[in-house]
Amino acid sequence: MRLAEPVTLTIALPHDSTEGETPSASVVPLIPLNRIDWPAPSVYRSASGEPGPAYWQQRADYRLSVTLDTTAKRVSGTVRIRYTNNSPDTLRFVWLQLDQNLYRTGSKGSALFSQESRWGVRGFAGGDELSAVTVDGESVTPHVDDTMMRLDLPHPLPPRGAQATIAMAYRFNVPEHGSDRMGRDKTLYEVAQWYPRMAVYDDVRGWNTDPYLGQGEFYLEYGDIDYDITAPAGYTIAGSGVLQNADEVLSATQRERLVRAATSSDQVAIITRAEAQATPAAGTKTWRFRAEHVRDVAWAGAPDFRWEATSWNGILCQAYFQHDRTKGSWDKGAEMTRWTIRTYSELFFPYPYPQATSVAGPVGGMEYPMFVMVEYGSNGDPNTVFGTIDHEHGHEWYPMLVGSNERRYAWQDEGFNTYINGFSNERRYPGTNAYDSALDDWHRVVAAGFDAPLMTAPDQLDPPALGAIGYDKPALALLTLRNHVLGAETFDLAFREYTRRWAFKHPTPGDFFRTIENVSGRDLGWFWRSWWYSTDKLDLALTKVEMRAMGAEREVMLEVSRQTDVIFPVEVRVKYEDGSVEDLAFPAEAWGRGVTVHLSAPARGRVVGARLWPDASVPDWNAANDVWGDAPNADARLPVTIPKSGARR
Ligand SMILES: [Zn+2]
């Protein structure tokens, strides 16, 4: 999902003032260094953070066949799910998700979000209508609770590989505004959350039945999905997966252009601007797609798409957009898609799918496997479009590849994605600093009283806080951990290892924390506690600086005290009488001694001034108590720098 517009608040930013106050009163003397014990390791999840020797997850393969009726503005058809129970448990019932029920009158989501808000249903009355629901051919009665549906199985489903086939017919009216995750605009349709999907059954919570309220995203099983869309003949359909019947739906010229695009690093027009204006044909056409190793599929259709494509490393990178709506800002949409896929493949993990598609439409920014919906860019600014294409395709890594539970932990997808977006932005726009937006947005929301621990479920956040807590604060925490605690090389290795270990799997927060600790060889309980489990802010104060004689040598003694329960490695820049400066560093373990610590180091002259944080990117909340005497200046925030290439398989 795209980050919301920055919250506009007329409150002074504490880090810009010299009178900032730290919003935390009590300071606990000794707990901050204690390790955190995560849920106990098991045969399913190892203490090292790896999937355990008996790790399992369910599998859901789908066969969908639907018709898009652009007169009734409705999708109707059938779904057949082959569900594989790989768990060690016998299942007597299963849960499915009916996301379209968010648009049923009286739904939980419609009661929680105001009608006109981003997630509001805007008075639309919709919802899934089901019929002929069967399991292995036997009729069953659905038990529907808001957006969740339980099916009681006619026969228990045995553990370790047994399969059941769930089938039904369904239809729903397509909302114009689908909570900014789907919708339509005149003849353009962006279709997602469009079929009954299996809820995840895992070793942590059993069935994950958190309802879809609009703000929290998704948690889905992996499988292969075959789907066909029957649409008016003049429509072009773009979707997740690979088109299976190009010979039936594309002209010979278009097919020839696609072949060329598949090996070209330049954009090739598959449907030119002139061709996109062609008058619609009568009748219908059926488009067939297949997507493998995916947790979802989505698609879009319009009668007047321009279609551009290029490729990188054998991956087809595509953009579909209506010329008049996009005002030139999408002309390089396929190149932007290619840029993104290439960048994250080189820096983090190889892109796992054969194609990547970006579609321009009314949805501000939303991600699906191989397929993203991005705003029209009707302000004519291609950089805005790039920012959203880059963010949405970044989600192909988190959560499409690394399938975390988005509905409970926004930081594990939006946060990780915002973190990697910083590198992409610095690469595309030299001089950009990943810290800037992360620090500023977080400060604004804290100042407005919306702060929350990162572990807060997105549905429990005030909507104005989602951007800061779900996106910027976790990105800031990861940048801080990388650049000031572990070092770039170690953190990059650990983060890539997490991605490799949990590709196509379901990691929990503990699996991430354990992986980072095991790869880096550090106990980071103090760091997770501060950022993930509390709203305390880092606020260290430099309270005293003294010179001492050590025989013929001199040393400088620094008294530093923490104003909150947040600890951090201490970095100090001292200034000598002759104007020269020296940077000193002390590990976080210094805080094992208490709230106020005395740190000393050899001094090469008389110290006349000192300051905490030679690098201004350390997120210390209160700058006013960081300096002593004739304090030296801090460096400007340094760029985060590109991690060394070395994506891991
Ligand atoms: Zn997002």
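In the predicted model, the buried residues of helix α11 are Phe-491, Asp-492, Ala-494, Phe-495, Tyr-498, Thr-499 and Arg-501. A residue counts as buried if 20 or more other C-beta atoms, placed from the backbone, lie within 10 Å of its own. Residues are numbered from 1 along each chain as its sequence is written. Local features need pLDDT of at least 70, side-chain atom pairs count only at pLDDT 80 or more, and totals for chains, interfaces and linings use all residues.

- Helix α11 covers residues 488-501; helices are DSSP runs of H or I with at least four residues, and strands are runs of E with at least two, numbered from the N terminus.
- From first to last C-alpha, the 14 residues of α11 reach 20 Å, close to the 20 Å expected at 1.5 Å a residue (1.5 Å times one less than the number of residues).
- The buried residues of α11 pack against α7 (396-401), α10 and α12 (509-520), where contact means C-beta atoms within 7 Å, placed from the backbone.

**Nonpolar cores**

- The largest nonpolar core holds 167 residues, of which Val-191, Ala-300 and Leu-479 touch the most other members; such a core is a set of buried Ala, Val, Leu, Ile, Met, Phe, Trp, Tyr and Cys residues joined through C-beta atoms within 7 Å.
- Helix α10 (residues 466-486) gives the most to this core, with 11 residues.

**Hairpin**

- Strands β25 (residues 540-550) and β26 (residues 553-562) pair in the antiparallel sense over 10 bridges; pairing requires at least two bridges found by DSSP.
- Two residues lie between β25 and β26 in this hairpin, and Gly-551 in the turn has a positive phi of about 65°.

Key: Buried ≥ 20, exposed ≤ 12 C-beta atoms within 10 Å, placed from the backbone. Contact = placed C-beta atoms within 7 Å.
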